[in-house]
Amino acid sequence: MARLNLLEETRFEKLPVSVFENPKEASLSVAQRIGNLIKEKQKNNAQAVLGLATGATPIAVYAELVRMHKEEGLSFKNVVTFNLDEYYPMQPNAAQSYVTFMNENLFDHIDIDKNNVNIPDGTLSLEEIPAFCLDYEKKIGDLGGLDIQILGIGRTGHIGFNEPGSAPNSGTRLVTLDDLTRRDAARDFGGKSFVPTKAITMGVGTIFKAREIILMAWNKKKAPIIKKTVEGEISSEVPATYLQLSDHVEFILDRDAASLLTRFNTPWLVKDCVWDEKLTRKAVIWLANTLKKPVLKLTEDDYNNNGMAQLAVEQGPVYNINIHIFNKLQHTITGWPGGKPNADDSQRPERAEPAKKRAIIFSPHPDDDVISMGGTFIRLVDQQQDVHVAYQTSGNTAVWDDDALRFVEFNIDFSEKMGLETQELKTLYQNMRSFIEQKKPNQIDTPEIQTVKGLIRKGEAIAGARYCGLADDHIHFMALPFYESGKSQKNPVTDADVVLTMELLQKVKPQQVFAAGDFEDPHGTHIVCFNIILEALKRLAKTEDWVKDCWLWMYRGAWQEFETHEIEMAVPLSPQEVERKKFAIFKHQSQKDRAVFPGDDAREFWQRAEDRNRETAQAYDSLGLAEYEAMEAFVRYKF
């Protein structure tokens, strides 16, 4: 019976999928399978032939293999490896090369014979590549083929660098990279313009010959392409869908990467559910959106014909369900994000008392506050809440080099006009200019350049916060140490980051904390900053009574928005407030027109924010609620 239930639950999935609670558990499982294969081969005096992948996904797998080698004596002397791909052109000692990646994450820490390591050669001439690719295929074949092929998946659906349009029988070859793939790699290269346009990759046909194929994917960013790959039709537009044809493949996912699969996203379509408040709200909103009907117009037939008959039977009549959900949605809307004084707050998202709250808005980068919740920021100040803003990082890596030079040039000109000595400034400027002219992709800026870029963003943040109505003593710059590496790859979080945050919280003693819950930020800074705040609050809660009355609200906007069913507070914005928010964003001039790290959204940040806020309002309107110009959305995090 359990097997039948599982088959019913996974009936939309066209290949085997195993879902783990988190990437760590999943990675340990994959590493154990690889370790067991190596040991089994050793018993038979045979070689284990591994196909390996690069990128963030397999790093924890390699770390566990290294641990098994050092602590459990797992030997790699009988192992031969073939990597999936390499950028072209690419020097093997470059920071971005997959040779460097594999050495740093695996090969330099185990006892593998380096002669048994095979990685596509990014230094070849174009004329040499075809022969190299044929030889790469022959080497794999002469060893009897790959025992295990480890894969990640790109957001285009590529496996290896087999981009959309790749043939299912393709072999190792030179390919042109998709623009989205290059945008995703921009962080490692210091900008998309520095990412190579080509790569050498194993083909889909080569991958298919492996006796076991394991594709791994973590986080919600991968969820859309995982759904297409697992539940969609086979198509050259999503090369990973070819894996549906293999009898030897398994997808290993964490819960976030699996979150859009039918059994997790709309479970009422494949199984009986426990209909709690959260799931009921999600399902009713899904039904209304699917049928393009307001919530109050959904009928019994609508429920019965769309997998929700169980809900209708258990909690019906359906009109009562509709009214309940409609009222819950209505109660999320408030024009008083700090709570409405002297009002019944039993049906409001925020408390009425105290009437004047101390609020602190944490902004991971110096512009996230106004981009994501600028309208609410202004509303809180206008309604006389005691608002503070805290900029957690300097954001200095997101300023163009020519902007840094321009500001120093201004400083020199200003000093000369004021009759001040400028020789030291001019020397500093020439050193900066010389460095920038010879700067390599992703090279760390000099401390002086980092300082100038940080000051540019600090000045913009002050201008934005002042525009929102804050006094200077309510504007805080934290410069959390984890960020100040000068690199796009940041340092690990330490206790110093948490202690700095605790000190500011203790100083303000807020009743409201607003923090970025927008974890699609391509640098990962948002989630790091959020976790620092969370840890600080948890520590303070052990000794400070004021923390019991402190509510933590998550905002989004720069990179994504909350789903309608998730929203717990929606703050409507008038057309005038939308304009005021836009002008606050405009204060961040270094981020206008062309951001250094724009992600895969071509719109400027103010356009993203404006469109998303209007889309949130339209989502409420389509469900039958009042029509507003725009809305900013929040979800409360209970810690």
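## Reading helix, sheet and ring features

Modeller: Helix H10 is followed by Lys292, whose phi is positive, near 55 degrees. Helices (H or I, at least four residues) and strands (E, at least two) are DSSP runs, numbered from the N terminus. The model is predicted: local features need pLDDT of at least 70, side-chain atom pairs count only at pLDDT 80 or more, and totals for chains, interfaces and linings use all residues. Residues are numbered from 1 along each chain as its sequence is written, and side-chain values use heavy atoms, with hydrogens and water left out.

Biologist: What span does helix H10 reach from its first C-alpha to its last?

Modeller: The expected span of a helix is 1.5 Å times one less than its number of residues. H10 covers residues 277–291, 15 residues, and reaches 21 Å, close to the 21 Å expected.

Biologist: Which residues of H10 are buried, and against which helices do they pack?

Modeller: An α-helix has 3.6 residues a turn, so residues three or four places apart point the same way. Buried means under 20% relative accessible area, exposed over 50%, and partly exposed in between (1.4 Å probe, protein chains only). Among the buried residues of H10 are Leu279, Ala283 and Leu287. The buried residues contact (heavy atoms within 4.5 Å) helices H9 (262–265), H11 (300–304), H12 (309–315) and H13 (318–330).

Biologist: In what order do the seven strands of the open sheet lie?

Modeller: Strands of a sheet pair through backbone hydrogen bonds, either parallel or antiparallel. Here the order is S1-S10-S9-S6-S2-S3-S5, with parallel pairing. Strands S1 (17–20) and S5 (117–118) stand at the edges with a single partner strand each, so one side of each has no neighbour in the sheet. Two strands count as paired if DSSP finds at least two bridges between them; S2 (48–52) and S3 (79–83) are joined by five.

Biologist: How many aromatic pairs does the structure hold?

Modeller: Rings of Phe, Tyr and Trp (its six-membered ring) pair if their centres lie within 6.5 Å; planes under 30 degrees apart count as stacked, over 60 as edge-to-face and the rest as tilted. The structure holds 17 such pairs. One of them, Phe586 with Trp606, is edge-to-face, at 5.6 Å centre to centre and 85 degrees between the planes. This pair links helix H20 (575–586) to helix H21 (605–622), the two residues being 20 residues apart. Phe586 is partly exposed at 25% relative accessible area, whereas Trp606, at 17%, counts as buried.
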